[in-house]
Amino acid sequence: MTTRYAGRTRFTAVRRSHVAAGATALPCGRSGVAILALRGDLDMASAPALGEHLLAALPPGPRLLILDLSEVSFCDAAGLTMLIGVQRRAAGLGITLHLSAPRPQVAKLLRITGLDRGLNNPPCPTGH
């Protein structure tokens, strides 16, 4: 299965589920803000490659990275680990991470693990 990520990078991943995880860059009206919409399952089959591609896909100069989780249908420990890794790498680049619009089951997982507070920063001034 070939999956397309922002930045036109392609790779092949072995998937145990029928939904491919991916990321799409969304327009944001403010400079210094990058919005990436994640979709599919964030699981042990998709998370490692997706995490590597997320920050590589960033345009130069963003100070705020918003991950739109509204199309993420499932997240396991590997998905959470990937989100933590993205936050750490972003912070090292001076980028603030914000998680936006998780579905109820993903929001519950983030809340139970305390990552809703640990990964979320103040919302984007554009309302995302």
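Predicted model: local features only at pLDDT ≥ 70, side-chain atom pairs only at ≥ 80, totals over all residues.

**Helix α2 and its surroundings**

Guide: α2 is followed by G94, whose phi is positive, near 80°.

Visitor: What span does α2 reach from its first C-alpha to its last?

Guide: Helix α2 covers residues 77-92 and has 16 residues. At 1.5 Å a residue the expected span is 22 Å, and the span in the model is close to that, at 23 Å.

Visitor: Which residues of α2 are buried, and on how wide an arc around the axis do they lie?

Guide: The buried residues of α2 are G79, L80, M82, L83, V86 and A90. They lie on the same side of α2, because the arc that they cover around the axis is only 155°.

Visitor: Against which elements do the buried residues of α2 pack, and which residues are exposed on the other side?

Guide: The buried residues of α2 pack against strands β4 (33-42), β5 (64-75) and β6, and also against helices α1 (47-56), α3 and α4 (115-119). On the other side of the helix, the exposed residues are A77, T81, R88, A91 and G92.

Visitor: In what sense do β4 and β5 pair, and what is the bridge partner of V33?

Guide: β4 is mostly covered, with 9 of its 10 residues buried. Its pairing with β5 runs over 9 bridges and is parallel. In β5, the bridge partner of V33 is L64.

Visitor: Where is A101 placed, and is A101 buried or partly exposed?

Guide: A101 lies in the loop between β6 (96-100) and α3 (104-113), and its phi is positive, near 55°, although the residue is not a glycine. Most residues other than glycine have a negative phi. With a relative accessible area of 44%, A101 is partly exposed.

Visitor: In what order do the elements of the protein run from the N terminus?

Guide: The protein has 4 helices and 6 strands, and buried residues make up 45% of its 128 residues. Among the contacts with a separation of 6 or more, 67% come from residues 24 or more positions apart. From the N terminus on, the elements run β-β-β-β-α-β-α-β-α-α.

Notes:
Residues numbered from 1 in each chain as written. Heavy atoms only, no water. Helix = DSSP H or I, 4+ residues; strand = E, 2+ residues; numbered from the N terminus. Buried < 20%, exposed > 50% of the residue type's maximum accessible area, 1.4 Å probe, protein only. Expected span 1.5 Å × (residues − 1). Arc of directions from axis to C-beta. Contact = heavy atoms within 4.5 Å. Pairing = 2+ DSSP bridges.
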